[in-house]
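Welcome! Take a look at the structure below, and then we will walk through some of its charged pairs and strands together.

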Amino acid sequence: MLISIGEEDNVQQKLKNERIAFEIELRKLLGIPTEELDVESVGKTNEELIPIPRENSNELRKIDPLWEALQARIIILEERALLSPDFNLAKNEMIQQKSILFSSIDDILLSWNAEIVKNSQEGQIIIQALLLIDVGVFFLVLFIIRQSLLPLGLITNALSEIKEGTYGRKIEYNKADEVGTLVDTFNVMSNTIKEKDEQTKKTDIAKDEFLAMITHELKTPLVPIQGYADILLSEHLGKLTDKQKERISIIKTSSETLLSIISDLLDAQKLELGQLRMKKETHNIKNTIVEALADFEPDLQKKKITKIIDLQDVQIDYDPVRIKQVLTNLIKNSLNVIQPEVGKIEITMKILPQNIQISVKDNGIGIPLEKQQDLFKKFYQVDATLTREKGGSGLGLAICKGIVESHDGTISVKSVPNQGAEFTITLPKNSQPTKSPIDIS
């Protein structure tokens with residue numbers, strides 16, 4: 001915003017250069033040609049990009065539409081500064097005229113006083129009168145200056161509101177002078193920014209709805225792929241060689257991974273649009289925790305992972321499917337970061353007067369302190385290398401946070417590097433029927 005106001009020289013060109021440089025690097029990352037960009041203006045050259053195969057590359061390309069939405073706002077700032085060029089000219093001219101006025105008054109008073117003292121004793125009375133006039137003129141000039149600077153103060157306050165994201169502020173000033181022209185320009189600019197911001201919000205909503213629709217359509221054909229893979233592996237359609245079974249197993253595993261990523265994307269978009277359905281009923285929360293842990297029992301036994309469970313029977317209002325989804329994600333994350341044979345997962349419950357707390361603790365690699373604050377943001381990954389090895393979209397914890405908050409609860413993390421991590425979910429015993437960010441109808 002300070003750049004757009006124009007507090008530095010040539011700032012709009014600097015902003016444009018930074019945007020072009022960022023887009024060049026983004027296209028290189030996505031493998032998109034840069035011939036139509038003005039690469040020479042930022043000291044870059046066009047390169048012949050060789051596609052690099054990588055897992056989840058389609059997810060990486062989703063950065064591009066996000067950049068397109070943000071780029072539109074940056075271009076607005078490049079093309080149009082918030083302040084009219086006449087602003088500084090009017091302000092500087094006013095300060096200069098004020099200095100000249102004060103200097104002239106002082107010179108006149110000094111010359112008059114000197115002349116009167118020379119001529120007669122009666123000059124003392126005149127001097128006193130002139131002093132009173134001087135004081136009166138001073139306060140009159142001060143009043144005039146304050147009145148002339150009032151619209152500039154209003155503009156400054158309005159600019160502060162725009163900095164904070166409040167658009168559409170209009171200033172009332174009816175005089176047909178230079179300041180009036182400046183105020184009219186500011187009002188037009190403020191209204192334009194408000195319209196562009198509303199248009200951008202509508203575009204973002206339309207984009208999210210479109211992405212949710214596309215994600216749902218991508219999910220549909222994966223179901224028969226998995227079904228036919230299971231049929232082939234069961235050999236109901238004929239015997240298979242070991243090599244054929246291996247290839248079909250790869251197809252099944254890959255389709256399951258892709259289905260998981262698509263499901264995460266679909267849930268994330270529904271959370272964003274407030275369309276993720278919740279069905280809250282009174283259930284025993286202990287049963288849901290046990291069911292979530294049972295799904296990982298084969299992996300726990302295969303890797304010889306120690307599990308410690310301390311649960312109690314307690315009835316609360318919640319959606320068992322969604323809370324199981326949260327617990328499954330947390331347990332899966334713990335399994336990915338602990339070592340076989342020496343790994344340990346501890347699931348405990350604490351009953352408080354108004355809430356219950358469920359903790360999932362492991363003795364894995366832990367999470368650095370500086371990365372914990374962004375842990376629940378969409379697409380954030382603590383270790384990209386581990387994500388590529390184990391698979392994942394970076395949406396799991398963001399979805400967990402949305403589900404828990406829709407139950408009027410909270411989710412937090414405590415971790416020390418190389419000493420494991422502990423995720424804690426707090427849920428109210430009786431959920432309030434208030435409107436949540438997620439549609440529960």
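A residue counts as partly exposed when its relative accessible area lies between the limits for buried, under 20%, and exposed, over 50%. E246 has a relative accessibility of 39%, so E246 is partly exposed. Please keep in mind that this is a predicted model.

- Side chains of opposite charge can pair when their charged atoms come close.
- How many salt bridges does the structure hold? There are 8 salt bridges.
- D230 and K252 join their side chains in one of them, with 2.7 Å from N to O. This pair links distant parts of the chain, as D230 sits in helix α8 (residues 222–233) and K252 in helix α9 (residues 242–273), 22 residues apart.
- K245 and E235 also form a salt bridge, and their closest N and O atoms are 2.9 Å apart. Here K245 belongs to helix α9 and E235 to the loop between α8 and α9, 10 residues apart.
- A network of salt bridges links E235, K239 and K245.
- E246 pairs with R247, where the closest N and O atoms lie 3.5 Å apart.

**How exposed the partners are**

- D230 is partly exposed at 35% relative accessibility, and K252 is partly exposed at 24%.
- K245 is partly exposed at 29%, and R247 is partly exposed at 41%.

**Strands β1 and β3**

- Strand β1 (residues 281–284) pairs with β3 in the antiparallel sense over 4 bridges.
- Opposite H283 stands I316 in β3.
- Which residues form the covered face of strand β3 (residues 315–318)? I316 and Y318 do, whereas Q315 and D317 make up the uncovered face.

How values were computed: Residues numbered from 1 in each chain as written. Predicted model: local features only at pLDDT ≥ 70, side-chain atom pairs only at ≥ 80, totals over all residues. Heavy atoms only, no water. Buried < 20%, exposed > 50% of the residue type's maximum accessible area, 1.4 Å probe, protein only. Helix = DSSP H or I, 4+ residues; strand = E, 2+ residues; numbered from the N terminus. Pairing = 2+ DSSP bridges. Salt bridge = Lys/Arg side-chain N within 4 Å of Asp/Glu carboxyl O.
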